[in-house]
Amino acid sequence: QVQLVESGGGLVQAGGSLRLSCAASGSIISLNTYAMGWYRQAPGKQRDLVAHITPGGSRNYAGSVKDRFTISRDNAKNTVYLQMNSLKPEDTAVYYCNLVNANGSGRYPWGQGTQVTVSS
């Protein structure tokens, strides 16, 4: 089993920045053979994939966050990051990380997530 622990969320004003971290542990040798992603879920909405990074380092973003968010990974630390700049109130959500299946769904049980709240 794999455990995912997200951190780094908080309350920020519109236009501000936050950096999220996700540490993976458990029965996993290394993250570098997996696609990793950040998802978010706003109240009353489904959980959506907003950014993911392939084993080869290619990055893909949802249109709503492109050019504002940057995903990165440190395979030696089994950690994935999400740098979020120019935050908007509509970015308010609980953010989760996971290994990404081919269909975009999360592979392992979800962690507790980290709350990001952007005030206007």
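Glu6 has Cys22 in β3 as its bridge partner. Strands here are DSSP runs of E at least two residues long, numbered from the N terminus. This is a predicted model, in which local features need pLDDT of at least 70, side-chain atom pairs count only at pLDDT 80 or more, and totals for chains, interfaces and linings use all residues. Residues are numbered from 1 along each chain as its sequence is written, and side-chain values use heavy atoms, leaving out hydrogens and water.

**The sheet**
- β1 and β3 are antiparallel partners over six bridges; two strands pair if DSSP finds at least two bridges between them.
- An open sheet of four strands runs in the order β1-β3-β8-β7, with antiparallel pairing.
- β1 and β7 are the edge strands with a single partner each, so one side of each has no neighbour in the sheet.

**The disulfide**
- The structure has one disulfide (cysteine sulfur atoms within 2.5 Å).
- Cys22 is joined to Cys97, with 1.7 Å from S to S.

**The core**
- The largest nonpolar core has 27 residues, and Trp38, Leu82, Met84 and Tyr95 touch the most other members.
- Such a core is a set of buried Ala, Val, Leu, Ile, Met, Phe, Trp, Tyr and Cys residues joined through side-chain atoms within 4.5 Å.
- Leaving aside residues up to four places away in sequence, Met84 touches (heavy atoms within 4.5 Å) Leu20, Tyr95 and Val116, among others.

Conventions. Buried means under 20% relative accessible area, exposed over 50%, partly exposed in between (1.4 Å probe, protein chains only).
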